[in-house]
Amino acid sequence: MSRLSEIPIRIEPPPAVGGVGGGVTAILSELITLLERLGDRQESAAIDLRSLPMSIDDLAGLRRELGEGEVRAILDAEGLSAIRETKVPGVWWVEHRDRHGELIAELIEVTRMPQILMTATEEIATGVRLLRAQLALHPVARAQ
Amino acid sequence: MPRSDLEMTVGDMLRQHGISRRGFIKFCTAAASAMALPPSVGVAMAEQLIHARRPSVLYLSFQECTGCLESLTRSFAPTIENLIFNVISLDYDDTLMAAAGEAAESARMQAMQDNFGKYVLIVDGSVPTGAGGAYCTAGGRSAVETLREAAKGAAAIVCVGTCSAFGGIPFADPNPTEAWPVMAIVGDKPIINVSGCPPIPEVITGTLLQFVTTGKVPDLDEHRRPKVFFGNTIHDRCYRRPFYDQGKFAKSFDDEGARNGWCLYELGCKGPTTYNACATVKWNGGTSFPIESGHGCIGCSEPGFWDKGSFYAAQSTALWGKAGESSPREVLELSASAVAVGGVIGVASAGASRLRQHRSAQDADQRDSNGDN
């Protein structure tokens, strides 16, 4: 054998149902239930993709099925996080990475807006203090 | 006046290190994911932890290979540095700490005194009791003596790795050092076993984080392992499970079935009887786990895994004691005494036949290695 790349490897995908793996079908079905609950009772929910026994093919299939929507947000806190709404309104694909770029959590959130994007009440007060302090340094404000 | 380390909450530490609320929610979301908790728990965990005091943690290493600590230092979520700097106060670990000798030992004694009844004791390695405990000593004291002393003031003991949880390799037959797991020596403290050889890093840090968050010992299985990580078998959550259900098995590591990613049961995979989170949490930051890399599970998080026969014999064979070492007669006697049912004889005969094949193969290998024709 001259090179490792010459060894033929073929991975058989898991048994498919309707063009996608059984796991993908189950998640899509669960998403319908969660979206209905969000619409009817305003209840947000999330699916932790790392807790499910999904192959790489399954995950890629699910990503294809859900597609890309209009909103993309980047969160820069202890590493970058990508928060994207899928083509299904109310279904968000959230990827959290650490400072080294390693994926540390991958979720599908069913919500109007992922909670991590929203500003907390105590942070609003911090914002007021910050702006007042900045304004105090402003030449016009100091003159008054 | 600045607050002492003992008085500081997790929130204080976060502010000191310039970590934002969103950054901490993210940390907790990742930790909840690693702990197989519902994703919504991440936010609640962050809110609770911010007000919690950082517990003192002592890490004792006994008869072990340091593989567990090597594993722990490779935790991605939560990272060990995040855990050490923000959530816990690691007051003693003779491998990681800069101090050595008298200074290290006095740091341990001080931490035990200051936090008596409240500290978390992590134990790595089995405890040898042979020759008066002389097989493992540090600072002139035996492991068993140090363990008994440190256990007295512990709020809980976390046994990291199969050696401290179940005895592991030192405990394997013939156990020359008379090694024992921690729970055989300490009987009056809550013990959490985080088994594995080594355990998954996120399972170690996740167990610690859960204890710090709730202040309680998590729900444990019959082997005192946290159910959130050890509640399912590898087989239950394996992505190759559909092939098992369809009867598609690899027969050797390089056949068509192996290339197609079929089930490794017949190649000795112990996934069906092994409880651990490898198939979901995975290793190296969620990259993969042994079965995903083409090797069966060896069952390293189960008690006595080292004495359960070949890693490469199908489970039905390996469960008959030590494959290749017991004679067919011994196997028959074992099976007859274990299950007094007539029908089992047929199964035992099949097992004996496999053992004969195995032994013949071993004999042939031995002849080859001796250069016999």
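Pro174(B) sits in the loop that runs between helix H9 (168-171) and strand E8 (179-180) of chain B; helices (H or I, at least four residues) and strands (E, at least two) are DSSP runs, numbered from the N terminus. The structure is a predicted model, in which local features need pLDDT of at least 70 and side-chain atom pairs count only at pLDDT 80 or more, while totals for chains, interfaces and linings use all residues. Residues are numbered from 1 along each chain as its sequence is written, and chains are lettered from A and ligands numbered from 1 in the order in which they are written.

The peptide bond between Asp173(B) and Pro174(B) is cis, with omega about 15°. A cis bond also leads from Cys197(B) to Pro198(B), with omega near 0°, and Pro198(B) belongs to the loop between E9 and helix H10 (201-214) of chain B. The loop between H9 and E8 of chain B also holds Glu178(B), whose phi is positive, near 55°, although the residue is not glycine. Ala131(B), likewise not a glycine, has a positive phi near 50° and lies between strand E4 (127-128) and strand E5 (137-138) of chain B, in the loop. As background, most residues other than glycine have a negative phi, and most peptide bonds are trans.

How exposed are these two sites? A residue is buried if 20 or more other C-beta atoms, placed from the backbone, lie within 10 Å of its own, exposed if 12 or fewer, and partly exposed in between. Ala131(B) counts as exposed because it has 10 C-beta neighbours inside 10 Å, whereas Glu178(B), with 15 other C-beta atoms within 10 Å, is partly exposed. Of the 373 residues of chain B, 47% count as buried.

Turning to the overall fold, chain B contains 16 helices and nine strands. Five strands form an open sheet in the order E2-E1-E3-E7-E9 (chain B), with parallel pairing; two strands pair if DSSP finds at least two bridges between them. At the edges are strand E2 (89-93) and strand E9 (191-194) of chain B, each pairing on one side only. Direction ignored, neighbouring strands are turned by 20° against each other on average. Strand E7 (residues 154-160) of chain B pairs with E9(B) over four bridges in the parallel sense, and Cys159(B) stands opposite Asn193(B) in E9(B).

Helix H6 (residues 101-114) of chain B packs on this sheet, touching strand E1 (56-61), E2 and strand E3 (119-124) of chain B, and makes about 135° with the direction of E2(B). Such angles run from 0 to 180 degrees between N-to-C directions, with axes fitted as lines to C-alpha atoms, for helices over the stretch in contact. Helix H7 (residues 143-152) of chain B lies across E1, E3 and E7 of chain B, at about 165° to E1(B). The buried residues in H7(B) include Ala143(B), Thr146(B), Leu147(B) and Ala150(B). Seen down the axis, the buried residues of H7(B) fall within an arc of 100°, so they line one face of the helix; the arc is that of the directions from the helix axis to the C-beta atoms.

Finally, the contact between the chains takes 29 residues from chain B and 28 residues from chain A, where two residues are in contact if their C-beta atoms, placed from the backbone, lie within 7 Å. Helix H2 (residues 21-34) of chain B gives the most to the side of chain B that touches chain A, with nine residues.
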